[in-house]
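Good morning, and thank you for the time.

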Amino acid sequence: MPSRWTPGYSSPITLQLVGPQSWTEVPALLCYDGADPFAVRIAFGDVGDENGIVDLEDGGIAWLLSRELLQSGLDGPAGDGDVRLWPAHAATDVLFLHLRAPSGEALFELSRATVAAFLRQTETLVPTGTESALLDLDDELLVLLSNGGADPTGR
């Protein structure tokens with residue numbers, strides 16, 4: 001993943017890192033780019049500038065999540081393995097995000113309303129169900145099969 005990108009839409013969010021005896025506020029940025037219409041990036045730390053450019057060179061970390069996973073997680077448990085999201089059982093504005101990597105795992109609490117508002121904005125850029133129309137899968141597959149060249153037969 002590149003260390004620098006310009007999202008089509010981004011929204012700051014504060015997550016609470018749930019610890020055994022204390023909680024720590026973690027600033028983050030939810031980022032969506034119509035060029036990658038199925039994905040949402042969550043960039044942790046102070047990584048966005050006033051022009052909307054996200055730069056991870058300053059020690060930030062980003063995770064790539066499915067937009068569909070975020071939408072599903074608003075109403076019930078979603079995700080398997082390394083990324084899971086679910087709403088709190090009580091009627092509150094709380095979502096839980098569990099991230100697991102080889103180096104460890106983290107449980108965050110975040111605002112359901114903020115995530116829902118972010119997803120509504122992504123819908124104005126790329127409505128759900130129209131993502132595939134933005135991708136030229138035939139060209140992408142051709143490049144993949146040809147090791148980056150224009151002709152997969154090698155001619």
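Predicted model: local features only at pLDDT ≥ 70, side-chain atom pairs only at ≥ 80, totals over all residues.

I begin with the largest nonpolar core, which comprises 27 residues. Those with the most contacts inside this core are L15, I42, F44, L97, F108 and V115. Which elements give two or more residues to it? On the strand side they are β2 (9–18), β3 (23–32), β4 (39–44), β7 (83–87), β8 (94–101) and β9 (104–111); the helices are α1 (67–73) and α2 (112–125).

Turning to the overall arrangement, the protein chain contains 4 helices and 9 strands. Read from the N terminus, their order is β-β-β-β-β-β-α-β-β-β-α-α-α. The chain has 155 residues, of which 34% count as buried. If we take contacts between residues at least 6 apart in sequence, 43% of them join residues at least 24 apart. As for the surface, the chain exposes about 9,300 Å², and carbon and sulfur atoms supply 53% of that area.

Is W23 buried or partly exposed? Its relative accessible area is 45%, so W23 is classed as partly exposed. Leaving aside residues up to four places away in sequence, W23 touches Q16, L17, V18 and E109. The C-alpha atoms of W23 and F108 are separated by 9.1 Å, although these two residues lie 85 residues apart along the chain. F108 is also one of the residues with the most contacts inside the largest nonpolar core.

Methods. Residues numbered from 1 in each chain as written. Heavy atoms only, no water. Buried < 20%, exposed > 50% of the residue type's maximum accessible area, 1.4 Å probe, protein only. Contact = heavy atoms within 4.5 Å. Areas by Shrake-Rupley, 256 points an atom, 1.4 Å probe, with all protein chains shown as cover. Core = buried A, V, L, I, M, F, W, Y, C linked by side-chain atoms within 4.5 Å.
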